[in-house]
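Please read the following report alongside the sequence and the three-dimensional model. It goes from the overall fold to single residues.

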Amino acid sequence: MNKAWWVGAVLLLTATSAVILPKVADMDSTLQQRNGAVETFTGGHNTVLDNDNLVDVLGALPLTLSIDSVGWEDHVLSLDLKVSGNDHEPQELYRNMAQTISFAFQETSNVDQLLLRIVVMDKWLDSRRLLLAGDIRRAEWSVELQNELQSAGNLPISERLKTGFRISETELWKKQFIYP
């Protein structure tokens, strides 16, 4: 075989690789986007949640309440935080909520909605009872609302905060924590 044939074959292979390899890489990132597992490094969003890392990532959060249950589906994070004992104040619960919201929207890139509930275990009935629930969405989330929740103290939260984060309070919450 002559040299010209080898040079031609190498040039053809190089040109083909230059065209095909980017398309293969693009197919891989499209598949990852469809499954919700694309890593991005924009504005502090460096954690990508998926079913494989959900427990480890949430277990590392510096919360004072324990995680009772967690769910992940279609960019929606569902999280129940459990109150145990009688030595909790509203301020602590609000801070745990604010930390969870901060994690969901400031530290991750693929959480679009956070369904957050604060529950308490009823020892007499051996069941869980709801205290607070929030339906927080990335499109409506703001640092101002998060900071307001963080610094709410032991007072009832404002209507603006309830509306912005879709927070619902149960009668049990009001009787046990807000107006004892």
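## Basis and confidence

This is a predicted model, in which local features need a pLDDT of at least 70 and side-chain atom pairs count only at pLDDT 80 or more, while totals for chains, interfaces and linings use all residues. Residues are numbered from 1 along each chain as its sequence is written, and side-chain values use heavy atoms, with hydrogens and water left out. The pLDDT, which is the predictor's confidence in each residue on a scale from 0 to 100, averages 84 over the protein chain, and 81% of the residues score at least 70. Over residues 36–43 the pLDDT is below 50, and this stretch has 17 contacts in the model beyond near neighbours in sequence, a contact meaning heavy atoms within 4.5 Å.

## Fold

The protein chain holds six helices and five strands, where helices (H or I, at least four residues) and strands (E, at least two) are DSSP runs numbered from the N terminus. Along the sequence these elements follow the pattern α-α-β-β-α-β-β-α-α-β-α. Of the contacts with a separation of 6 or more in the protein chain, 58% are between residues 24 or more positions apart. Buried residues make up 36% of the 180 residues in the protein chain; here buried means under 20% relative accessible area, exposed over 50%, and partly exposed in between (1.4 Å probe, protein chains only).

## Salt bridges

A salt bridge is taken as a side-chain nitrogen of Lys or Arg within 4 Å of a carboxyl oxygen of Asp or Glu, and by this rule the count comes to nine.

| Pair | Closest N and O atoms |
|---|---|
| Arg117 and Asp80 | 2.8 Å |
| Asp135 and Arg137 | 2.8 Å |
| Arg160 and Glu148 | 3.1 Å |

Arg160 lies in helix α5 (residues 159–164) and its partner Glu148 in helix α4 (residues 143–150), so the pair ties together parts that are twelve residues apart in sequence. Glu148 is partly exposed, at a relative accessible area of 23%. In the pair of Arg117 and Asp80, the closest N and O atoms are 2.8 Å apart. This pair links distant parts of the chain, with Arg117 in strand β3 and Asp80 in strand β2, 37 residues apart. Asp80 is buried, at 6% relative accessible area, whereas Arg117, at 32%, counts as partly exposed. Both residues also belong to a network of salt bridges that links Asp68, Asp80, Arg117 and Arg128. For the remaining pair in the table, Asp135 counts as buried at 16% relative accessibility, while Arg137 is partly exposed at 31%.

## The largest pocket

Rolling a probe the size of a water molecule over the atoms shows where empty space is left. On a 1 Å grid over the protein atoms alone, a pocket is an open set of points where a 1.4 Å probe fits, with protein on both sides within 12 Å along at least five of seven lines, and its lining residues have an atom within 4 Å of a point. The largest pocket has a volume of about 420 Å³, this being the space filled by probe spheres set on the points, which are joined across faces, edges and corners. Its lining consists of 16 residues, of which Gly85, Asn86, Val120, Met121 and Gln176 lie nearest the centre. At least two lining residues come from each of β2 (76–83), β3 (113–122), β4 (127–137) and α6 (171–178). The lining divides into seven nonpolar, five polar and four charged residues, with Ala, Val, Leu, Ile, Met, Phe, Trp, Tyr, Cys and Pro counted as nonpolar, Asp, Glu, Lys and Arg as charged, and the others, Gly among them, as polar.

## Individual residues

Trp72, in strand β1 (residues 66–73), is buried at a relative accessible area of 17%. Leaving out residues up to four places away in sequence, Trp72 touches Leu49, Asp50, Asn51, Leu54, Leu77, Asn110 and Val111.

His75 lies in the loop between β1 and β2 and is partly exposed at 27% relative accessibility. Arg166 is placed in the loop between α5 and β5 (167–169) and counts as partly exposed at 31%.
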